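Here's a quick briefing to read with the model open.

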Amino acid sequence: MTITVTRDGAAAVVAFDRPAAKNAFTMAMRGEFIAAFADLEADPGVRAVVLTGTGGAFCSGADIGEMGETTPDDFLRRMRQLHAMARAVARFPAPVIAAVDGVCIGAAWGFALAADIVLASERARFAATFRRIGYAPDAGLAWHFLHTINPMRAKEIVYSGREVHAAEALELGLAMEVLAPEALLPRAMELARMIADGPATALHLAKRQFAAAPAMSFESFLDFEAAMQPLLGQTRDHRDAVAAFRDKRAPTFNAG
């Protein structure tokens with residue numbers, strides 16, 4: 001397997017694991033990636049996910065060795081799988097943290113930005129290198145750029161194909177924190193455990209709010225909120241949190 005999944009209690013780690021190729025993903029890995037996230041989504045015990053890579057790299061994008069002449073039908077199938085990978089991250093019910101070390105190239109940058117939080121090591125190098133192979137951005141990368149950074153800067157990064165190093169990614173808001181390489185995964189796991197210890201249903205619905213908000217008017221969004229809170233008010237997590245406040249103790253979330 002070149003997509004590995006490990007568990008740490010209620011947190012899971014999904015890793016691109018093809019270090020000899022800087023974790024470039026093959027067609028077989030696309031299926032493994034989609035299946036890994038589907039299995040985790042089906043497990044109610046998983047309440048946070050860390051997406052990362054092995055061997056000092058996040059992912060160098062799609063394996064160019066598998067590119068070249070192909071039929072339109074086969075190319076469409078490839079794009080559907082690529083988009084299924086991006087959706088697997090973006091639509092995962094629980095929060096996802098991307099821990100980016102080393103290279104994060106092309107579609108892999110789209111996968112990282114599909115996560116809820118991006119952490120980068122000091123040696124992280126991001127690039128939208130599509131121009132080098134005669135492609136436009138894919139995996140939703142341009143969409144994420146336009147929802148995160150200045151449109152002119154987004155265009156410059158795509159049109160040039162240049163590298164964006166960790167410090168610039170932090171400045172642009174494309175990463176939340178920059179850490180020493182050895183501190184990257186421990187910090188990602190710290191965040192994942194903190195999230196996993198929270199009220200799972202409430203955090204799932206908060207993630208849905210963030211996903212829905214850009215397409216909604218303010219009034220529609222308030223209606224969306226109003227439909228959620230009464231449901232959350234009936235959960236054990238909410239009832240125990242209120243009782244814990246009165247009893248001056250810590251709440252016990254996700255206890256069933």
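Where is the place of Ile 3? Ile 3 sits in strand E1 (residues 3–8), with helices (H or I, at least four residues) and strands (E, at least two) taken as DSSP runs and numbered from the N terminus. Keep in mind that this is a predicted model, where local features need pLDDT of at least 70, side-chain atom pairs count only at pLDDT 80 or more, and totals for chains, interfaces and linings use all residues. Residues are numbered from 1 along each chain as its sequence is written, and side-chain values use heavy atoms, with hydrogens and water left out.

**Overall fold**

- The protein chain has ten helices and nine strands.
- A compact globule of 256 residues would have a radius of gyration near 18 Å, and the 19 Å of the protein chain agrees with that. The value is taken over C-alpha atoms, and the globule rule is 2.2 Å times the number of residues to the power 0.38.
- Along the principal axes, the C-alpha atoms fill a box of roughly 65 × 40 × 40 Å.
- Of the 256 residues, 43% count as buried; buried means under 20% relative accessible area, exposed over 50% and partly exposed in between, with a 1.4 Å probe and protein chains only.
- Take the contacts (heavy atoms within 4.5 Å) between residues at least 6 apart in sequence: 68% of them join residues at least 24 apart.

- Ile 3 counts as buried because its relative accessibility is 4%.
- Not counting residues up to four places away in sequence, Ile 3 touches Val 14, Ala 15, Phe 16, Met 29, Glu 32, Phe 33 and Ala 36.
- Ile 3 and Gly 233 are 230 residues apart in sequence, and their C-alpha atoms are 39 Å apart in space.

**Strand E6: Ile 117 and Ser 121**

- Ile 117 lies in strand E6, and Ser 121 has its place in strand E6 too.
- Leaving aside neighbours within four places in sequence, Ile 117 is in contact with Val 96, Ile 97, Ala 98, Met 176 and Leu 191.
- Pro 95 is 22 residues from Ile 117 along the chain, with 8.1 Å between their C-alpha atoms.
- Ser 121 has 0% relative accessibility, so it counts as buried.
- With neighbours within four places in sequence left aside, the contacts of Ser 121 are Val 100, Asp 101, Gly 102, Ala 166, Val 178, Leu 179, Pro 181 and Leu 184.

**Pockets**

- Rolling a probe the size of a water molecule over the atoms shows where empty space is left.
- On a 1 Å grid over the protein atoms alone, a cavity is a set of points where a 1.4 Å probe fits but cannot get out, while a pocket is an open set with protein on both sides within 12 Å along at least five of seven lines; lining residues have an atom within 4 Å of a point.
- Grid points are joined across faces, edges and corners, and a volume is the space filled by probe spheres set on the points.
- The largest pocket holds about 1200 Å³ of space. Its lining takes two or more residues from each of H2, helix H3 (107–114), strand E6 (117–121), helix H4 (141–146), helix H7 (181–196) and helix H8 (200–212).
- H8 supplies the largest share of that lining, seven residues.
- In all, 37 residues line the largest pocket, and Ala 90, Leu 113, Ala 114, Ala 115 and Asp 116 lie nearest its centre.
- By class, the lining of the largest pocket has 23 nonpolar, eight polar and six charged residues. Ala, Val, Leu, Ile, Met, Phe, Trp, Tyr, Cys and Pro count as nonpolar, Asp, Glu, Lys and Arg as charged, and the others, Gly among them, as polar.
- The second largest pocket, of about 420 Å³, is lined by 23 residues, with Gly 61, Ala 62, Ile 64, Met 67 and Ile 133 nearest its centre.
- H2 gives the most to the lining of the second largest pocket, with four residues.

**Asp 63 and the cavity**

- The structure holds one cavity of 30 Å³ or more, and about 40 Å³ of space lies in the largest cavity.
- Phe 25, Met 27, Arg 30, Ala 62, Asp 63, Glu 66, Met 67 and Arg 78 line the largest cavity.
- Asp 63 is found in the loop between strand E3 (48–53) and helix H2 (72–90), and it counts as buried because its relative accessibility is 17%.
- The side chains of Asp 63 and Arg 18 are joined by a polar contact of 2.8 Å. Such a contact is a pair of N or O atoms within 3.5 Å; within protein, one must be able to donate a hydrogen and the other to accept it, and residues adjacent in sequence count only if both atoms are side-chain atoms.
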